[in-house]
Every structure is written in C-alpha cells, then in structure tokens.
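Here is a short report for a reader meeting this structure for the first time. Please keep the sequence and the model in view while reading.

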Amino acid sequence: MNASGHHLETIRAALQPHGLFLRGVVNFADGEAAPTLSNSRPAASVVLIGNIGSSLWPAFSRWRRSRADAGGPDPLDTWSKDVIGPIAAMAGATAWFPSDPPWQPFQQWAMRAEGLKASPLGILIHPVYGLWHGYRGALGFAFPAEDEPAPRGAHPCDTCLDQPCLTTCPAAAVRADAFDVPACRSHLRTPQGQGGCLRGGCLARAACPVGAAYRYGDDQLRFHMAALSL
C-alpha cells in the first residue's frame, strides 16, 4: 500500500484554500531511523507542507482577524495546527510541526526531499523560490508515499557571482562560513537596526537575487521580524 497520487491530490486540494502546498516527500528504507507515528509505529514516509512566497498570508491574515485574541502569542504556529491537524486526520496521517517537541528534523527532510542546501543566512535556499519559502508541518504515513517532483541542480549560492548577501548586512553578521546570530541580534536592538531590518526585513535576505519574485510582502516581513526574541 502507498500514498498514491490520487491520495496526495486530495491533500493538495485541502491545503490550497489556505495557501499551503505539498513541498516534498521522504520515504524511509527498512531499518532506517524514522519518526514515530501516533500509533507508536515508525513512519514509512513523510510529506512536507509549506508556503511558497506569501502564499499563506491572505488566509492567515483572515484567520487572525476572526480571532478575538488575533491568534494568541504564537499565531502562525496555532494557525498551522488549526489547518494541518484536520487534514492529517482526514488523510489518516500523523501531523508534526516545527514548533513542537519532539523536534523533528525538518531541515534534513527538506534537504532530502527537495535537494536544498543552506544559504549563508542559515535559511535553506530553493532554486526557484530562493529564501522566500517555509515549512509549516509534515504528515507521516505508515506506508510509502508517491514521490513529488522537485527541481534539482547546482546549489544557487555556488553559482552566484556577486553574493550580495555577504556584503549587504549592516552588522556584518553574514559570512560565507557562518551566520553570526549575536551580531545580528545586537544590531536589531540599535536605533539603526529597529528602523532598518527590524521594520522592513533582513537586508541581506532581500539582497539575494534568487527567487526575488517570491519576496514576502511588507506586512509579512514585519510580522516575522517582530516575532524575533531580542
């Protein structure tokens, strides 16, 4: 038995009104380490769910306006669970979320499913969407899932001649070999940081030429930056 294309199409259709997409599939070999399903058995496959550009923002914004508390302290995580949880139940799957323990290896799954690699900012860079995408959850199944086609090729950072992300950061926090998180956070506490990156989004991220058409809108950028713990 497997999660057929028809089964995945049903899930895809249920996600569509929320601006979410099937982002990739990981099938685990016999004996390979795999997450544990709600029935205490190891998963045979994981289907990743996420956004492409600002695809989730209209549905998420409507949901927040409908809530007296605007979604509470972690609205995007709560919204993701509200959307993906019922779809998991419909599909007979176990749902996992990046915000919940036991922490699942979402980045490893994404690298395996879509062939992605990390950018100097630490964000996985997609050959089409660049740095403007994310993973909001995953569905685990007791049987293999039909593979999802994904673009593969050279790592975008390896073919980027100008590498503007390395020279744009006002805190010099972005380097080819590491991202200096303390330097970034220190800058964001300054008046310059609060009036720049914190208000309009990370300047180094915006400088990346890959996937520029998928850049988040200003409201979404401010939302994500405001969620940082400084």
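## Basis of the model

This is a predicted model, in which local features need pLDDT of at least 70, side-chain atom pairs count only at pLDDT 80 or more, and totals for chains, interfaces and linings use all residues. Residues are numbered from 1 along each chain as its sequence is written, and side-chain values use heavy atoms, with hydrogens and water left out.

## Two nonpolar cores

In soluble globular proteins, nonpolar side chains tend to be buried together. A nonpolar core here is a set of buried Ala, Val, Leu, Ile, Met, Phe, Trp, Tyr and Cys residues joined through side-chain atoms within 4.5 Å. Buried means under 20% relative accessible area, exposed over 50%, and partly exposed in between (1.4 Å probe, protein chains only). Helices (H or I, at least four residues) and strands (E, at least two) are DSSP runs, numbered from the N terminus.

The largest core has 27 residues. I11, L20, V47, F60, W79, L139 and F141 touch the most other members. α1 (5–15), β1 (21–27), β2 (45–52), α2 (57–65), α3 (75–91) and β6 (133–141) each supply at least two residues of this core. The largest share, 7 residues, comes from α3. A second, separate core has 15 residues, including V26, F28, F106 and L124.

Contact means heavy atoms within 4.5 Å. Not counting residues up to four places away in sequence, I11 touches L22, I87, A91, L139 and F141. In α2, W57, A59, F60, S61 and W63 are buried. The buried residues of α2 pack against α3 and α10 (218–226).

## Strands around β2

Two strands pair if DSSP finds at least two bridges between them. β1 and β2 run antiparallel, joined by 6 bridges. β2 and β6 also run antiparallel, with 8 bridges. G50 in β2 stands opposite F21, and its bridge partner in β6 is Y135.

How many of the 8 residues of β2 are buried? The count is 8 of the 8, so β2 is largely enclosed by the rest of the structure.

## A buried glutamate

E148 is found in the loop between β6 and α5 (165–168). E148 is buried, with a relative accessible area of 17%. Its side chain joins that of R12 in a polar contact of 3.2 Å. A polar contact is a pair of N or O atoms within 3.5 Å; within protein, one must be able to donate a hydrogen and the other to accept it, and residues adjacent in sequence count only if both atoms are side-chain atoms. Not counting residues up to four places away in sequence, E148 touches L8, R12, L22, G24 and V25.

## Cysteines

A disulfide is counted when two cysteine sulfur atoms lie within 2.5 Å. By this rule there are 0 disulfides. The sulfur of C160 has its closest cysteine sulfur in C208, 6.4 Å away, too far for a bond. For C169, the closest is in C184 at 6.3 Å, also too far for a bond. C169 is buried, at 17% relative accessibility.

## Backbone angles

Most residues other than glycine have a negative phi, and most peptide bonds are trans. The peptide bond from P101 to P102 is cis, with omega near -5°. P102 lies in the loop between β3 (94–96) and α4 (106–114).

S40 has a positive phi, near 75°. S40 sits in the loop between β1 and β2 and is exposed at 61% relative accessible area. A172 has a positive phi near 55°. A172 lies in the loop between α5 and α6 (181–188) and counts as exposed at 56% relative accessibility.
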